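Trainee: Could we go through this one together before I set anything up? I'd like to take it piece by piece.

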Amino acid sequence: MADQDLSHAGASGPPGYAVADLTRLAASGGVPDAAVLARRARRWGWWYYIEYWLVNAKAWAVSIGLYMVVMPLVYLIALGLGLGLLVDRGVGTVGGSGGSGGVPYLTFVGPALLVATVVMSVGGELTYPVMAGFKWRRLYWAPRATPVSPQQIAVGHLGGVLIRFVLQSTVFWVMLLLFHAAPSGWSWLTVPVGVLTAAAFGAPLQAYAAHLTDEGYQFAFVQRFVIMPMFLFAGTFFPLSVMPVYLQWIGWISPVWHGTQLARQAAYGAVEPLWLTLVHLAVLLLFTSVGVALARRTYARRLGR
Amino acid sequence: MTSRATASTDGVVASGTQAVIRAVGLTKVYGRVRAVDGVSFEIAHGESFGLLGPNGAGKSTTMRIIGGTLQRTGGVMTVAGLDPAESGPEVRAHLGVVPQEDNLDEELSVRDNLIMYGRYFGLPYAYLRPKADELLEFAQLAEWAKAKVGDLSGGMKRRLTIARSLVNEPQVLLLDEPTTGLDPQARHVLWDRLFRLKEAGVTLVVTTHFMDEAEQLCDRLVVMDHGRIMAEGTPRELIRGYSTREVLEVRFGAEHNAVAAERLADVGSRLEVLPDRLLIYADDGDAALRQVAARGLSPITSLVRRSSLEDVFLRLTGRSLID
Ligand SMILES: Nc1ncnc2c1ncn2[C@@H]1O[C@H](COP(=O)(O)OP(=O)(O)OP(=O)(O)O)[C@@H](O)[C@H]1O
Ligand SMILES: [Mg+2]
């Protein structure tokens, strides 16, 4: 054994295993100063998390993509064409005041369905996955050990989810065009409205999910008693004004109604006073910013003790 | 003496080199539990430092305070002169962390786990792609690069977590029970590689409740229990200071141990009665065994061995490290 490789003489591992050049591995010179890395992370940490989220989403791309295409089709055919035929035969048009200015039911319900389905999808994205991040799969703890901050993880997760909804809203909008259900030249604005509504509901939901430390039984409750009522009573299928006044508050406090009304203005030029339009926008922005602030705080608390 | 003597406020450790990590009176209180209770230590650049202690001793809590991912209740903590609670991103930029529990993304490929983790440090893909391949080589996972992490065995995941901690070429590596779940061969390979990393200038902080690991890996260590440091020194100093050179282990059967212990109280310098055996501490174990025989006692089994950190721990706490 005279010609044995002496460089391995001290190794206690099995003979012949490949040893990477550890000095290079430990310090190749390719890593900048800590101050430089920290500065990058302070500015872009949220985006690094989004990048991770997107790489992760690649695994689901096909199924999410299919869902994004099939779901608007199903809704538009069933509610727009099926139910719409019935409605249009019965009352002529909807949404107009005093019988004039109304539109076919498909046009009325189309942009609202865009908003409502996006909000329903939020219910899947910012509940159980948040719990997985903290607890079940401990996914948040990986970036936590790096220069990325808990606040940035919160914003990054929301940001990744919102990118999904940019796509989902865009696909839905294209479907509306194909169904001739978005006559206005401004109908593309339904896309940012859909995303803003997703944020307005998603950010507070994310904060709530982050604050739960048990197994997330509450999410079924959220599904049944928050998301479903919003879907049914927040002006998606019929104007809020046809409901008794004592039920209309469900619409007023839900992001879905505010988003829906904005989407209708964009899609077919539904008429509303300017102040109300501003209220819609303000409510959505308020929900979003309060939600983000709470989520950031909760993430910092939970990942810091 | 070749080491630099500095007058820095960062603190100076025994050898004279500058402390890269310094803790003074560190405390962490959870409600009524004092998880870390006034712990002080200094770790020199390039040193391999161990936290040895049983479950619940406060090892992981201490590690997280060093990384600044856990808010301490009191005390002073500096890493490379910075307070991790204030300058978390700066401290963690050159820190490698192997957490006690793996937090790999099981849905992602092995290689993507390395690359996306590297992104969190603001490192560009041009650096990360070749780096990931080197790290896979290091972890002996090159053939698994495209596999989903969920398909790996527990030991392979552990190796991947360790490889991941090196993606930013850390100057300080925090290893919380690094070899849990590794088979004996993989443990030895890892010890060897950690030793080489240390030779390449990386400072190692290791927690473990395996005394062989502590003896193999650590230049210096503290023995922790109930959030406090019981003793500090090199493995050899600790063994010399708290134990005898050799230990005689004798078994008389569970019912007879106590009776035998009474008759052997003055053999050797100290006697420990464990549920299943007696430990007789003596510098000459064979001589002690002859004394046992001279008293007319014939143990079922007997064994003379060198003292280990386990004995140090038993002496300090009256308890075994691993039950
Ligand atoms: N988040 C927490 N809330 C309350 N108590 C905690 C929390 N984390 C740790 N503790 C308590 O702090 C003490 C120290 O825990 P720590 O995890 O640091 O121990 P350890 O030495 O790492 O143990 P092990 O060997 O089991 O990993 C334990 O008593 C534990 O119950
Ligand atoms: Mg621990």
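Trainee: To start, how many helices and strands does chain A have?

Mentor: Chain A has 12 helices and zero strands, where helices (H or I, at least four residues) and strands (E, at least two) are DSSP runs numbered from the N terminus. This is a predicted model, in which local features need pLDDT of at least 70 and side-chain atom pairs count only at pLDDT 80 or more, while totals for chains, interfaces and linings use all residues. Residues are numbered from 1 along each chain as its sequence is written, chains are lettered from A and ligands numbered from 1 in the order in which they are written, and side-chain values use heavy atoms, with hydrogens and water left out.

Trainee: And what share of chain A counts as buried?

Mentor: Of its 305 residues, 52% count as buried, taking buried as under 20% relative accessible area, exposed as over 50% and partly exposed as in between (1.4 Å probe, protein chains only).

Trainee: Switching to the interface, how many residues does each chain bring to the contact?

Mentor: Chain A brings 49 residues and chain B brings 50 residues, with contact meaning heavy atoms within 4.5 Å. Between them the two chains bury about 4,400 Å², 58% of it on carbon and sulfur atoms; that area is the accessible area (1.4 Å probe) that two parts lose on being put together, summed over both.

Trainee: Which three residues of chain A supply more of its buried area than any other three?

Mentor: Those are A:L22, A:L25 and A:P147, which supply 14% of the area that chain A buries against chain B.

Trainee: How many salt bridges cross the interface?

Mentor: The rule finds five between chain A and chain B, each needing a side-chain nitrogen of Lys or Arg within 4 Å of a carboxyl oxygen of Asp or Glu. A:E51 forms a salt bridge with B:R119, where the closest N and O atoms are 2.7 Å apart.

Trainee: Which helix gives the most to the side of chain A that touches chain B?

Mentor: That is α2(A), with 12 residues.

Trainee: Now the metal: which protein donors does the magnesium ion (ligand 2) have?

Mentor: Its protein donors are B:S60 (OG) and B:Q100 (OE1), lying 1.9 to 2.1 Å from the ion, where donors are N, O and S atoms within 2.8 Å of the metal (3.2 Å for Na, K and Ca), and water is not among the atoms, so sites may look incomplete. B:S60 sits in helix α1 (residues 59-67) of chain B, and B:Q100 in the loop between β5 (95-98) and α3 (110-119), 40 residues apart.

Trainee: What relative accessible area does B:S60 have?

Mentor: B:S60 is at 23% and is partly exposed, and B:Q100, at 38%, also counts as partly exposed.
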